[in-house]
Amino acid sequence: MAAGTRHWLRKDDPDQTKASFPELFFDLVFVFALIQLSETLAADFTFGIAAEALLFIFALWWVWIHTTWVTNLLDTELAPVRLLLFTLMFFGIVLAIALPRAFGDQGLVFALAYSAMQLSRSLFALYAFRQGDAGSFMTFLRITIWLVISAILWIAGGLSEPHLRVVLWMAALAFEYAGPALRYWLPAIGASPAETLDIDGEHLAERCALFVIIALGETIVTTGKNASSHLDAGGTPLVLCLAFLTTVLMWWIYFHDGQEKAADKAEESREPQTTAQYLFTYGHLPIVAGIILTAVGEEFSLSHPLEHGSYHHALAQLGGPILFLAGVIWMKKASSRLLPYSHVVGICLLFGAFLLVPLAANFTMQGIAAAILLLVALWEYVALRRFRRAAA
């Protein structure tokens, strides 16, 4: 690459593999967005709202992970790249403010903010690679064209009535999510060649781990806020302990054995771009979605601890941990080629717990979910100790 065009790109420096302060500052927008999402879902969580919730989770994750891919390639300590992140932060705040009423009168605002984040970031990357690195430039050209098409669907949805809006936005997300898998194929110029982007797998792994911490942190914030609002309720102390235990167990299950192996896999792979897409771009989505839904379930338990559960509450209380464990299985299987049987059993037990929903109160369902996660964590911990002792 020509020397004059490398100044915006990430340097070959060990310090550049670490998340930078501008990136961490950018992440603060998503703390706000996740809190907005969690509170919106807890206010009126039905099966229909659950489908809309997944749409929002998919959208928030996609705009964040794509930004992370770009900052993986660029030097975030430079002023132009920082200005890009600040611009994205502003659009992100607008998006988060519009989110609770995105299927009401703020649909167009949400669509415009989302599209602005996607397109401005992609155009910036296109400009950064305009000379010298033809492969990366063509990859971002394809990405930009795909995002223009999806932006049309987003904006059309924002201008439509709510039922059609759901369809158009789901189509836009499906189109965007298919992009990396199809390598952004376009007529006449075809698909992007594999491994065209010089990514840093260690950096991507750290950034995704930090986003998991953000999601878990949002759970703690939401739990603490709701517990303080229901101090007079009889079951609040117990549910607070169960909710905190659940959050700690999710942290343990993700970080104790899986995250470091995923980072090593991404760093040592001969196909870092493909591996990163599999492990992080797609693989971390169910992990993050599961944490967010678990936070919603904990809010139900805190608000109405003694109330008999319902299936739409259980969809968050039990469905959140199911999604989380499924994502962790994906990550651990891909990084170590070993299937964590404890996680599989945990998912089966969580599905079985749905049979108890009509018979149990909300705090009981919260306790069952926490107990199953505790079983998964202990089983894996003991199994790993025995495996390492045998290997030694």
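**Entry 1: Gln 118**

I looked up the side chain of Gln 118 and found a polar contact with the side chain of Arg 121, at 2.7 Å. I am working from a predicted model. Gln 118 sits in helix α4, which covers residues 107–128.

Is Gln 118 buried or exposed? Its relative accessibility is 1%. Buried means under 20%, so Gln 118 counts as buried.

Next I listed what Gln 118 touches, leaving out residues up to four places away in sequence. I noted Trp 62, Val 63, His 66, Leu 147 and Glu 176. One of these, Glu 176, turns up again in the next entry, on the α6 side of a helix contact.

**Entry 2: α4 and α6**

I checked how α4 runs against α6. The two axes come within 12 Å and cross at roughly 10°. Angles under 35 degrees count as roughly parallel, so α4 is roughly parallel to α6.

Which residues of α4 meet α6? I wrote down Gly 107, Phe 110, Ala 111, Tyr 114 and Gln 118. From α6, the partners are Arg 165, Trp 169, Leu 173 and Glu 176. I then sorted this contact by class: five nonpolar, two polar and two charged residues.

I moved on to backbone angles. Most residues other than glycine have a negative phi. I found two entries to note here.

Tyr 184 is not a glycine, yet its phi is positive, about 50°. Tyr 184 lies in the loop between α6 (162–181) and α7. Its relative accessibility is 8%, so I put Tyr 184 down as buried.

Ala 188 is not a glycine either, and its phi is positive at about 75°. This residue is also in the loop between α6 and α7. Is Ala 188 buried or exposed? Its relative accessible area is 88%, so Ala 188 is exposed.

**Entry 3: α7 and α9**

Last, I looked at helix α7 (residues 201–229) and helix α9 (residues 258–268). They pack at an angle of about 155°, and their axes are 7 Å apart. Angles over 145 degrees count as roughly antiparallel, so that is how α7 runs to α9. I recorded the crossing of α7 and α9 as right-handed.

Which residues make the contact? On α7 I listed Gly 201, Glu 202, Ala 205, Glu 206 and Ala 209. On α9 I listed Gln 259, Ala 263, Ala 266 and Glu 267. By class, the contact of α7 with α9 has four nonpolar, two polar and three charged residues.

Methods. Residues are numbered from 1 along each chain as its sequence is written. This is a predicted model: local features need pLDDT of at least 70, side-chain atom pairs count only at pLDDT 80 or more; totals for chains, interfaces and linings use all residues. Side-chain values use heavy atoms; hydrogens and water are left out. Axes are lines fitted to C-alpha atoms, for helices over the stretch in contact, and angles run from 0 to 180 degrees between N-to-C directions. Helices (H or I, at least four residues) and strands (E, at least two) are DSSP runs, numbered from the N terminus. Angles under 35 degrees count as roughly parallel, over 145 as roughly antiparallel, 65 to 115 as roughly perpendicular and the rest as oblique. A crossing is left-handed if the near helix is turned anticlockwise from the far one by less than a right angle, and right-handed if clockwise. Contact means heavy atoms within 4.5 Å. Ala, Val, Leu, Ile, Met, Phe, Trp, Tyr, Cys and Pro count as nonpolar, Asp, Glu, Lys and Arg as charged, and the others, Gly among them, as polar. Buried means under 20% relative accessible area, exposed over 50%, partly exposed in between (1.4 Å probe, protein chains only). A polar contact is a pair of N or O atoms within 3.5 Å; within protein, one must be able to donate a hydrogen and the other to accept it, and residues adjacent in sequence count only if both atoms are side-chain atoms.
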